[in-house]
There are 2 protein chains.
Amino acid sequence: MSFQKLDELGHRIEALNHALAILGADEATHMAPGGGEARAEAMSALAGMAHRQAAAPEIADWIDAAEQEDLNGEQKAAISEFRRNYVNLTCLPADFVERQTRTRMRCEQLWREARGKGDWAGFLPALEGVIELAREEAQMRAEALGLAPYDALMEQFDPGNRTAEIAPVFEDLKSFLVDFVPNALEIQKTKRAQNPLRPLSGHYAVEKQRELGLAMMAAVGFDLTRGSLSVSHHPFCGGVPTDVRITTRYRSDEFLSSLMGILHETGHALYEQNLPKAWAHWPLGKARGMAMHESQSLFVEKQIGRNPAFWEWALPVVAKHLGEDWSMDEILPHVHHVERGLIRVDADEVTYPLHVILRFELEQDLIAGKLEAADLPEAWDAKMKAYLGLSTIDTPQDGPMQDVHWPSAAFGYFPSYTLGAMIAAQQWSAIEKDIPDVNAQFASGQFDAVNDWRRERIWSQGSRWSTPELIERATGEPLNAAHFKKHLEARYGQ
Amino acid sequence: MSFQKLDELGHRIEALNHALAILGADEATHMAPGGGEARAEAMSALAGMAHRQAAAPEIADWIDAAEQEDLNGEQKAAISEFRRNYVNLTCLPADFVERQTRTRMRCEQLWREARGKGDWAGFLPALEGVIELAREEAQMRAEALGLAPYDALMEQFDPGNRTAEIAPVFEDLKSFLVDFVPNALEIQKTKRAQNPLRPLSGHYAVEKQRELGLAMMAAVGFDLTRGSLSVSHHPFCGGVPTDVRITTRYRSDEFLSSLMGILHETGHALYEQNLPKAWAHWPLGKARGMAMHESQSLFVEKQIGRNPAFWEWALPVVAKHLGEDWSMDEILPHVHHVERGLIRVDADEVTYPLHVILRFELEQDLIAGKLEAADLPEAWDAKMKAYLGLSTIDTPQDGPMQDVHWPSAAFGYFPSYTLGAMIAAQQWSAIEKDIPDVNAQFASGQFDAVNDWRRERIWSQGSRWSTPELIERATGEPLNAAHFKKHLEARYGQ
Ligand SMILES: [Zn+2]
Ligand SMILES: [Zn+2]
């Protein structure tokens, strides 16, 4: 039976992916410094095995044959994700993938060296090589999938997302934000004049911050028997659904950045821990794409973790662990701090979308051949000035050399961040309707009802629906910037 | 070129083994408690892949063809280990291996439950099943390898070891120890009467013990950039040569057991860290068997770590870390404590070999069909009385239910422990000749010369020689119990 063959293939791929996930998390947390070379070799060999097994030509026949078999609804859904996965995996010729991997890895290495020095001229030729291949890739994916080239790239990260639907929503959000950011800053300034910021600085022992982080993780629903918290240079959520590894980085002079980071990764972890167990070894059992994943992390970080109602409960917990007593009037200005900046990863939730929309616009033009890499510094600077009133023309390391995404050929990924923020806000709107006392629940440290809502509508669905379908099924309407705008206005516009 | 194919196969197997080694170490140290089931599934799938790839029928042809190719000495040695490995791996039919794995795993599970209750009757049928299959296994291995059945089992753990050579050496050692143990205990008693034991008890913070352990590891040669120390319930040395994971378990009332455990695992780690890098992905590049491995751990634990000269250097280091001041007269009686006991893993270096020889004798009879599982309690008790003057007839959990080896079908493994102790002593004799001031070196914390000696003669040799060849090449003579007896007499007989 062909379905059986696919099911067994799923178990084999799952074993390799399990190994890759744990080896990856281990590398960032517990590996000896000298272990990197052998680890990289082992992981690349394992990834190769997983790819070869998942992309084997006979699988196309198994999928065709399985579709003719007498299957139940879940199995049919599983087949359709097997197919989607297979097509995305096999639409590029092996020699192209090899060439692209080499080009990309060289560009990433160069980027690591050149960024510190802001050496745009030295970096440019490598980036040009990556962009040239990304255009080819988009073309090949587009033909295989029957999509426009940029859409075919996005399809890897968020199945079903289309520029035609996203661009207008981003346009709407952008024109809102270009006015809203200065307003929010003005409001913040006025408030600070009346109520000056009390610095949170002090000395917060790492062990106490860790205990606080674990307490918060557990409170918002992280299952500590199926995951753990450790330390890494770049925080992440990795591992496997039965053993989710989240990490953070501690500063001893300040606790809020680590705590918010932990809440963010906990949001990713909740999605993973609550995926449907019976489908774990099928593509169907995986989380639905990057935007949806980011919506779950941002939900915990922004909709829960920066919600004033949450802080009514959280403040005494923080005080108990860290031994300091802040008032709500002292903590909330830190939690809601807004600041125009050059760096995306340091941005707050108000300014962040403008960083993303800038990249979304530029990378569409790059893929379409309307913009060349050599013209990026000017194009970036122009948009940066228009959207945030800042210039990067003299510091390319704060401009188009800022992120690893382009050097590593991840075009079509950036939109996921802001889509995630919008989906999180849209989810919050829907939850406020379904659970009218949700703020009161947060204020008393109850997160079960909200988690049940999200488990039923999102986490348990795995990859059963495309991203737009899942948004609509979960929240009752298609992606709509109104919810995110309303959220920002309520929190920063008054 | 067939050699090339074997070389590539080596890289693939190495990647899977790398994953299995890290996943195994991770499971015991950092895995979330709920992650066990998925981890077991993943590891068994990966082990299956490694086995299928390493045992594929075409490999026999590659090995035959490669032998005809124009190869250098190293490559020829590599081929011969590829062959040895392949023959040992493929001499059992796949359906037998499956049946044996099921039987063994059921017996292990039952053992875990039954041992606590000393439920011999409940455990016996499962053990009988395992023994029956072990006899079949020995027969099949014997035919494939042209060896006697028990030798064919030992061959898996220590290539080249033969009962005909080992049994007389063990017999020699046994007749020595049966008299020596009571003498050593009498001498200890007399000394204690003059110089009563000062208990080492106190409160030793885990973090301080860990710092002490790391300092000792580094001092005796462990490369901390290619390995680490963590905590697990059962101490082990795992991971990969570029990232060796050793573990210990701390007691807060006592520090010596953990420190000695760390030194033991460090001995294993030194072997792994110093294997020939260029051969890392060939069977040739692996450590030569269990006896040799144990000889390296016991060298560090017993020949270095319990050597009075070592303690001249170590005592101030311990005192500095733990903040207590012992004299040599106070610490050495603990380091050299001898005690008759029922449990092998708790035994000291004087009594330990008698536990092993007892098992070696019994398991030979079990495999030969001269002894049945049902008769084990009586047979065990009789030997225990004869060798150590203790009875286990009423407590099978302290007798034949004591170890996991038999339930898990590892017959032929026990001799390695005592062979290791003898090889370590024989190595020490050779080193004393080649480095006459070795004790003075230890007393001043210098271990480089001894490590250079061992690196050149043992570690760098990988699996180039059979176990007996390696012993003879490294020490200048075949296995000889005289060195171990001399060692025990010098330390415990006066
Ligand atoms: Zn995230
Ligand atoms: Zn050992």
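Which residues of chain B coordinate the zinc ion (ligand 2)?

1. B:His264 (NE2), B:His268 (NE2) and B:Glu294 (OE) coordinate this ion at 2.1 to 2.4 Å; donors are N, O and S atoms within 2.8 Å of the metal (3.2 Å for Na, K and Ca), and with water not among the atoms, sites may look incomplete. Along the chain the donors follow the spacing H-x3-H-x25-E.

2. This is a predicted model, in which local features need pLDDT of at least 70, side-chain atom pairs count only at pLDDT 80 or more, and totals for chains, interfaces and linings use all residues. Residues are numbered from 1 along each chain as written, chains are lettered from A and ligands numbered from 1 in the order written, and side-chain values use heavy atoms, without hydrogens and water.

3. B:His264 and B:His268 are separated by about one helical turn because they stand 4 residues apart in helix α10 (residues 256-273) of chain B; helices are DSSP runs (H or I, at least four residues), numbered from the N terminus. Both histidines are buried, that is, under 20% relative accessible area (1.4 Å probe, protein chains only).

4. A:His264 has 11% relative accessibility and so counts as buried.

5. Chain B and chain A bury about 2,300 Å² between them, 64% of it on carbon and sulfur atoms; this is accessible area (1.4 Å probe) lost on putting the two parts together, summed over both. On the chain B side, B:His18, B:His30 and B:Met49 lose the most, together 20% of what that side buries.

6. The interface holds 4 salt bridges, each a side-chain nitrogen of Lys or Arg within 4 Å of a carboxyl oxygen of Asp or Glu. One of them pairs A:Asp26 with B:Arg245, with the closest N and O atoms 2.7 Å apart.

Key:
Helices (H or I, at least four residues) and strands (E, at least two) are DSSP runs, numbered from the N terminus. Buried means under 20% relative accessible area, exposed over 50%, partly exposed in between (1.4 Å probe, protein chains only).
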